[in-house]
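Look at the model below and follow the chain with the text beside it.

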Amino acid sequence: MGALDYLSNFCTVTSTRSKRKALQTVDIKVKMDCDGCERRVKNAVTNMKGIKSVEVNRKQQRVTVSGYVEPNKVLKRVKSTGKRAEFWPYVPQHLVYYPYAPGAYDKRAPSGYVRNVVQAFPASNATEDNIVSLFSDDNVNACSIM
């Protein structure tokens, strides 16, 4: 090992690179009443590092943020504006088995959305359900029974 190699070991800079965050989409429910509220929330989130796009929908009280960010940091930044905010608790109504179950139906939800709650599925071994399904239009063997 030569003198230059020995000295170059002291001069090399080792970088500890952190992993790059994955591209994420974060939906947040924010109570916004006016254009000023909407602008304040949008400006607060737009200034964050790693943000690709920000969409604000005041009618649904929803902010959608896409970028290389952590969801909790985005939520914290939105709350720093003084607005009441939480992660988007709703799912489209057609994805839920029974949208009017207790806890799922929310009057404040935007149209077409219900709360994301655990649903109870009906017991499939109930005899009444089996008899009713025999003569259903969805049953492919209904013609052979009749």
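Predicted model: local features only at pLDDT ≥ 70, side-chain atom pairs only at ≥ 80, totals over all residues.

Cys 37 is buried, at 6% relative accessible area, where buried stands for under 20% relative accessible area, exposed for over 50% and partly exposed for what lies in between (1.4 Å probe, protein chains only). Cys 34 is partly exposed, at 35% relative accessibility. A disulfide is a covalent bond between the sulfur atoms of two cysteines. Here the term is applied to a pair of cysteine sulfur atoms within 2.5 Å. The cysteine sulfur closest to that of Cys 37 belongs to Cys 34, but it is 3.4 Å away, which is too far for a bond. By this rule the number of disulfides is zero.

Residues are numbered from 1 along each chain as its sequence is written, and side-chain values use heavy atoms, with hydrogens and water left out.

Now take the protein as a whole. It has five helices and six strands; these are DSSP runs numbered from the N terminus, with helices being H or I of at least four residues and strands being E of at least two. Along the sequence they follow the pattern α-β-α-β-β-α-β-β-β-α-α. Of the 146 residues in the protein, 27% are buried. A contact means heavy atoms within 4.5 Å. Among contacts with a separation of 6 or more, 53% are between residues 24 or more positions apart.

Helix H3 covers residues 71-79, and its residues Val 74, Leu 75 and Val 78 are buried. Seen down the axis of H3, the buried residues fall within an arc of 100 degrees, so they line one face of the helix. The arc is taken from the directions that run from the helix axis to the C-beta atoms. What do the buried residues of H3 pack against? Their partners are strand S1 (24-30), helix H2 (35-46), strand S3 (62-67) and strand S4 (85-87). On the other side of H3, Asn 72 and Lys 76 are exposed.

Charged side chains come next. Side chains of opposite charge can pair when their charged atoms come close. A salt bridge is counted when a side-chain nitrogen of Lys or Arg is within 4 Å of a carboxyl oxygen of Asp or Glu, and this rule gives four salt bridges. One of them joins Asp 27 and Arg 62, at 3.0 Å from N to O. This pair links distant parts of the chain, since Asp 27 is in strand S1 and Arg 62 in strand S3, 35 residues apart. Asp 27 is partly exposed at 22%, whereas Arg 62 is buried at 15%.

Arg 58 takes part in a salt bridge with Asp 35, at 2.9 Å from N to O. Asp 35 is in helix H2, while Arg 58 is in the loop between strand S2 (51-57) and S3, 23 residues apart. Arg 58 also meets Glu 38 in a salt bridge, at 3.5 Å from N to O. Glu 38 lies in helix H2, so this pair ties together parts that are 20 residues apart in sequence. Through shared partners, salt bridges join Asp 35, Glu 38 and Arg 58 into one network.
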